[in-house]
Each structure stands twice: as structure tokens, then as C-alpha cells.
Amino acid sequence: MDGHMWPIHGLSKAKRILWGPEQNQLSWAYMKMLREESRCAKVYNVNPYVEVYQFEDNLYGLFNQNCDGMGDVWEYLIVGPEKAMLIDTAFGIGDIKGLCDELSGGKELIVVNTHIGPDHAFGNVRFDRVYCHELEYDSIKKRINPHAWDYMFDEDGKNIWLQFDKKDLPAYREYELIAVSNHHIFNLGEDYDVELIWMPGHAAGHSVFLDKKRRRLFAGDCVCSDVMGVGSGGRPGDEKGIYCTLEAYRNELKKLCERLEEFDYIFPGHFMVYLENHVMRSILVTLEDILKNPDDFTYKTEQIDKEGRRRIQYYKLVPGFSVISYNRERGVYMKSAEVVQ
């Protein structure tokens, strides 16, 4: 296998061909132990591409290998008294709906997106109805189209990053995408509520989901043990450049940190899970430090793009955890990379 990371031999039918960027070694060691040694890992015949981890009696982590060389991704299935909820839909490889039906016992399924990332939303077409925050609606509508999956293959039609059967890709079809506002409540039956909480920065309408009954937060990409990228820029929903920013993330995270007594554990969209809630305070302190002095970074990376321009990205360590990726020159706007002529 090409790329920086040694392969992990999990149970998934898919096999890694190529990696993109190198990933955090601690996260990689965690995933190796989980995928190769965990006794709770299981693959179901209905979808052999997804490794299923039953973390709690009503919570399943659905592990998908990433189809475009980035970090492998978690979907989460919560089974409530009357309904189930699927948080994110990955790339849609294999029969994800059939898998959810088997795990939930066929309960009515509520499907939600944290944000547009291909690894978080391309599987939407497997379902009739999906919910998202109102600021992410345009991004999802625009990005998911009949040619959305084309970039995973070379000019000869061969898989670039992950080996899987092309026939197991979802066929594009129209589905109902419903935009909801901040603090929308989804009820899974009786008193089992899950709250959507807007958490911009990584994407304009990025949202986390608070399982109020079982005290769990599903954090998407705003918390990650690898790299937390703030400010992707140029997306529908953030034409004025006010949502994909360090400031926007800091402001909403500050509000969430005032609610830490409502949840104990965090389940991010990538890598390590079961993070304790107080990591949110460490992220908040680091965001404040960057905003006060963006020149005080831990390290930086440089790349030369196709036009020969030097692109620089800056990283600030979150003590005891991960790093926040940002743009020093643009300050709070933090495009995916600054351009230096």
C-alpha cells in the first residue's frame, strides 16, 4: 500500500490502496487496537463494508473506511424507544439503510447530517429524508449530485484510494433534505430527545447532536484527535465569511461549555471516541489563545500548489489532545490554506 500509514487489518470488505495526508500516530495506534483487537467489532452480511461496534446497549458506532484518502469516519446509530437516529451517512457504500434496520429492529429511522463532508453526507441518497442545519442546506444540495463520486476513480475507472466494488456505490436519486434551526429537538419516543446544536467553524452549518437522555455528544468534525480544521471557506451559506471562522467556533463553543453538566462523553466523527467532556474547555482555551496571538503557533506546513504558489497552514496544540489548524494571515477567517504569492 502506498502512503504514510501502515495498513490496519479490520473486518471490512474494503481494502486500503492509498492514503492522503499522514495522520496522528496516537489516533492511528488507537484505531489499530480497536479494529484488530476489539471483541465487540462485527460485520453484518447486509453491508460487509461497515464495521459495527456496539458501544452501549442502544448505541452503535458504524465505522467506514474513507473513500478519498482522508481519515476514516464514524456514523452513529442511536436506538430509542420508538425511533432510531442515524448521525451522518458516510459515502453510502453498501446497504447502510438495511444495516440500520437490522440493528434497530426495523424502527422508524431519523437521519441527520453534521455537515456536508463527502464522508459525512454522500450516503444521503440511500434514504428518503435527511435533516441538517439550515446553513448547511445549500452546501449539501450542491455537493451531492450524479457525479459526486467520480473523483474516487482515475481516468481508467480504477479505484484511487479504497478498493470496493463499484456496484456497491449508491445510485444518485432525489431525496428530501429538510433544514432545521439551532436547538431543534428530535424525539425518539417517550422522553428520549436529541438536540441539534449549531457549531460553526469547520463548516457554516456544522452541527453537533446532544443525546439528552444518555448524556452523550456526537461532535462531527468540530472535535477530532487528529486535526481540527477551522474555516473551509467558499461554501454556500457563508458568502460573507462569518461562519467558517475561529471566532464563530469560539463563540458557540463557549456557549456549549456552559452546558458541560448535560453530557459526559463525546463521540467525534473520526478516530478516538468516548472523549471526556472537559476536552471542550481545552479546545476553547486554545481558540482564545489563537485569537489573541495567531503568530504563536506550534508548527506550520508548506505546500506548492499547481500554480507554483506557496501554501502555508498553521497548527496550535490543544494541550493533552490534538491540534487546531488555522490561517495566520487571514486570522479568524482561516481558509483551508493561505496563499502567499
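1. Ring pairs join Tyr53, Phe55, Phe63, Trp74, Tyr76, Phe218, Tyr265, Phe267 and Tyr274 into a cluster. The model is a predicted one, and the points below should be read accordingly.

2. The aromatic pairs of the protein number 23. One of them joins Phe186 and Phe209, whose ring centres are 6.4 Å apart; the planes meet at 50 degrees, so the pair is tilted. Because Phe186 belongs to strand β11 (residues 185-187) and Phe209 to strand β13 (residues 207-211), this pair ties together parts that are 23 residues apart in sequence. Phe186 counts as buried, with a relative accessibility of 4%, and Phe209 is likewise buried, at 0%.

3. A further aromatic pair consists of Phe218 and Phe267, which are stacked, with 5.5 Å from centre to centre and 25 degrees between the planes. Phe218 is in strand β14 (residues 216-220) and Phe267 in strand β16 (residues 265-268); the pair thus links distant parts of the chain, 49 residues apart. Both Phe218 and Phe267 are buried, and both are members of the cluster described in the opening point.

4. As to the overall fold, the protein contains 6 helices and 21 strands. A compact globule of 341 residues would have a radius of gyration near 20 Å, and the 19 Å found for the protein agrees with this. The C-alpha trace spans about 55 × 50 × 40 Å along its principal axes. Of the contacts with a separation of 6 or more, 62% are between residues 24 or more positions apart.

5. The protein exposes about 15,000 Å², of which carbon and sulfur atoms supply 49%. There are 41 positive and 54 negative side chains, and the centres of these two sets lie 1 Å apart.

6. Which residues does Glu252 contact, leaving aside its neighbours within four places in sequence? They are Trp198, Met199 and Pro200. Glu252 is located in helix α5 (residues 246-257). Its relative accessible area is 12%, and because buried means under 20%, Glu252 counts as buried.

7. Not counting residues up to four places away in sequence, Leu275 touches Val223, Asp264, Tyr265, Ile266, Pro268 and Phe321; among them, Tyr265 is a member of the aromatic cluster. The C-alpha atoms of Leu275 and Ser225 are separated by 9.3 Å, although these residues are 50 positions apart along the chain.

8. Arg215, although not a glycine, has a positive phi of about 60 degrees. Arg215 is placed in the loop between β13 and β14 and is partly exposed, at 30% relative accessible area. Phe271, also not a glycine, has a positive phi of about 60 degrees. Phe271 is in the loop between β16 and β17, and with 5% relative accessibility this residue counts as buried.

Conventions: Residues numbered from 1 in each chain as written. Predicted model: local features only at pLDDT ≥ 70, side-chain atom pairs only at ≥ 80, totals over all residues. Heavy atoms only, no water. Helix = DSSP H or I, 4+ residues; strand = E, 2+ residues; numbered from the N terminus. Rg over C-alpha atoms; globule rule 2.2 N^0.38 Å. Contact = heavy atoms within 4.5 Å. Areas by Shrake-Rupley, 256 points an atom, 1.4 Å probe, with all protein chains shown as cover. Lys, Arg positive; Asp, Glu negative; His and termini not counted. Charge placed at Lys NZ, Arg CZ, Asp CG, Glu CD. Phe/Tyr/Trp six-rings, centres within 6.5 Å; stacked < 30°, edge-to-face > 60°. Buried < 20%, exposed > 50% of the residue type's maximum accessible area, 1.4 Å probe, protein only.
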